[in-house]
Amino acid sequence: MQRSAFFLFGVILIFISSGVLGQSYVESALMFSRTNPGGSARIQGMGSSQTALGGDYSSAYSNPAGLGMFNRSEFTFTPAFSSYKTSASYLNGKDEATDSRFIIPGISGVFHLPIQNSGFLSGSFAISMTRTNDFNQSTYFHGRNTETSIIDSFIDNANGATESQFNKGSYNYNTPTGLAYYEYLIGPLSVVNPNDADDVYFTDVKGVPNQEENLKSKGASNQWNFAYGANYKDKVFFGLSVGLVSLKFKSDRTYGENFANDDVFNNLQLNEKLDLRGNGINATLGVIGRPLDFLQVGASFTTPTYYEMNETYEATLSSSWKPNLEYYDGSPLGDFTESTQQVISDYTLTTPLKFSTGLAYLSKYGIITADVDFVNPSKAKYKSNVSGVSFDGENNDIKATYTSAINYRIGGEFRYKILRVRAGYGMQGNTYNSELNLDNSIKTISGGIGARWQKFYLDFAYINTSGVNYYQPYSFFDGPGPIADLKRTTNTGMLTFGFTF
C-alpha cells in the first residue's frame, strides 16, 4: 500500500453550543441560524425582551421602529466578560471543561433628527454592532467503550467498495477513513485471502479502547445594523434596518483511543482543525403602535440571511502499533502519521426568516415587556459555488432533522429616581423534530441595575444561559455511535456606558 497525504473536501466536524448529534453541515446550519437576542446591558437585564419597547440602541437590531422613540442622540459602548463551563457524561466518565473570555458585544451611535412635518415628529438614524452568536467553548470527555471503536466507523464507511475508493479523486481518498487505510488500521478481507471479498473490510485491532476527546471552539458572529426609525404623532413608530453579518468560527478537535490490552496495537489520535468565515446580509422591518398611553404593541420581520461562506479544513491521524510486526503484504508496522492537505471550499448558506411580536406595559414605576419569536431552522439551505457539487442531501437532512420553534422572553424594569432594577427570563424553543425525541432548548435568566443622569447612563447586566446538549465522536450508517451528554452553562457580566448629546 502506498502512503501519502490526502485532502478532505467539504467535511465539517464540529460541536456547536446549541447541541447536536453527529457532525455535519446539518448541525452547522442550526448553529448559524440560531442567533442570540442580543442588546445593551439594559435590554439583556430584562431578558432581551424589546420588540415593543424602543428607546434603546438595541432596536436597530431587533425592531428598528423603536428608534423613533429617541428624543436625543447618544453613543454607547458595551464591554463584557463571559465564562463557559461544559459538564460531560460519556460512558463511565464524568468530566468538566471551562473557558473564559473578554468580549465586546455592542457598540452604537444613534442620531436624533427632528422632522415636524405632516404628523411626523422625529426620526433617528442608528449604526450599531451587536454580537449575535458566541462560539467560545471547551469540551472534554473520556470513557471506556466495550462496544465500539472509531475504527469500526472507518470500516462502516469503507464497506461496499474496493480499494480503488482510496485512490486520488475517489470516494474515500480524502476522508479520515482514507487516513486509517493508509496506516493499516483497516483493510479488505482479500488482503488476507485473495479468495475473500475485496469490498468488505476488517481490522486487526481487537482490544477495548479507552476513549477521550478535547474540543475547543472560538469565534462569534457580529451584525452591523444601519437603521432608521420614525415617530408619527407619538402613536405609530416604524423603521427599517439593513444588517451586515460577519461570522468567524474556529474549532480544534483532538480525539484519541488507547488500547492498553490489545496484542498488536497501542493507540491512535485524530486531530481536526476547521476555520470557517462568512459574510451575510439581511433586512428588518418593524412597527410599534401605542393604542394607549401605557401600552405598546410591536412586531418585526427579519428576512432570511444570505451568507457567502469560506471554509478551511485539515486533519492529522497518528497511530502506534506494537514493535516487530508486519502487515499481510510484508510492510512493516510501527508509528504512523498521515495528514490531509489544507482544503479551502466556498459555498452559500441562507438561514431562515424570523417574525417577532411583543407587548410592553409602561408606568411611572417601571416597565413589563414580553416577546415571542417564530423561527423555523428546517428552512436553512446550502448551495455550492462549485459546478457539479450538490447540497441536496444535506438540505433534505436539515428538513428532516429540524422543525419550527417558538422563542419567548419576558422582563421588567423598576424605576426609582435615577436608579433602575431589572430582571428577565427567556427560552429558545426545541428545534429538533419530535421523532428524534431530543431537546435542545436554551434557558436564560438575567438581572441588572442601572442609573440615569442628564448626559450619561450606566447599566450592568448578569446573564446565565444553560442547556442540555448531545454529541457523537463518530457514528454509523445504520445507527448512532456513543453519545456524550453535555450540559453547557455560560455566565456573562456586561456594562453599557451611554453618552447622550
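Trainee: Is A158 buried or exposed?

Mentor: Good place to start, and keep in mind that this is a predicted model. A158 lies in helix α4. Its relative accessible area is 0%, and the cut-off for the enclosed class is under 20%, so A158 is buried.

Trainee: Which residues does A158 touch, leaving out those up to four places away in sequence?

Mentor: Let's look along the chain as well as across it. The C-alpha atoms of A158 and Y181 are 23 residues apart in sequence and separated by 9.1 Å. Counting heavy atoms within 4.5 Å, the residues that A158 touches are Q165, F166, N172, T177, I186 and Y201.

Trainee: Which element supplies the largest share of the largest nonpolar core?

Mentor: That core has 27 residues, and L185, I186 and W321 touch the most other members. At least two residues come from each of α4 (150–158), α5 (176–182), β10 (265–292), β12 (305–326) and β13 (332–341). The largest share is five residues, and it comes from α4.

Trainee: What is L185 in contact with, leaving aside its neighbours within four places in sequence?

Mentor: L185 is one of the core members that touch the most others, and W321, also in that group, is among its contacts.

Trainee: Why is helix α1 largely enclosed by the rest of the structure?

Mentor: Helix α1 covers residues 25–33, and its buried residues are Y25, V26, E27, S28, A29, L30, M31, F32 and S33. The helix is largely enclosed because the buried count is nine of the nine residues.

Trainee: What is the relative accessible area of T351?

Mentor: T351 sits in strand β14 (residues 343–351). Beyond residues up to four places away in sequence, T351 touches F32, S33, P304, T305 and Y307, and F32 and S33 are among the buried residues of α1. T351 is itself buried, with a relative accessible area of 4%.

Trainee: Which side chain is joined to that of T302 by a polar contact?

Mentor: T302 lies in strand β11 (residues 295–302) and counts as buried at 12% relative accessibility. Leaving out residues up to four places away in sequence, T302 touches N282, A283, T284, L353 and K354. The polar contact spans 3.0 Å, and the partner side chain is that of T284.

Trainee: What is the volume of the second largest cavity?

Mentor: A search of the whole structure turns up three cavities of 30 Å³ or more. K354, which T302 touches, is among the residues that line the second largest cavity, as are Y61, D371 and R409. By class, this lining has two nonpolar, five polar and four charged residues. The volume is about 70 Å³.

Trainee: How many charged residues are in the lining of the second largest pocket?

Mentor: This pocket has a volume of about 610 Å³. Of its 24 lining residues, R42, G54, G55, M69 and R415 lie nearest the centre, while β15 (354–363), β16 (366–375), β18 (405–416) and β19 (419–428) each give two or more residues to the lining. By class there are seven nonpolar and seven polar residues, and the charged ones number ten.

Terms used. Residues numbered from 1 in each chain as written. Predicted model: local features only at pLDDT ≥ 70, side-chain atom pairs only at ≥ 80, totals over all residues. Heavy atoms only, no water. Core = buried A, V, L, I, M, F, W, Y, C linked by side-chain atoms within 4.5 Å. Buried < 20%, exposed > 50% of the residue type's maximum accessible area, 1.4 Å probe, protein only. Helix = DSSP H or I, 4+ residues; strand = E, 2+ residues; numbered from the N terminus. 1 Å grid on protein atoms, 1.4 Å probe; cavity = no way out; pocket = protein on both sides within 12 Å on 5 of 7 lines; lining within 4 Å. Points joined across faces, edges and corners; volume = space filled by probe spheres on them. Nonpolar A, V, L, I, M, F, W, Y, C, P; charged D, E, K, R; others polar. Polar contact = N/O pair within 3.5 Å; in protein donor to acceptor, adjacent residues only side chain to side chain.
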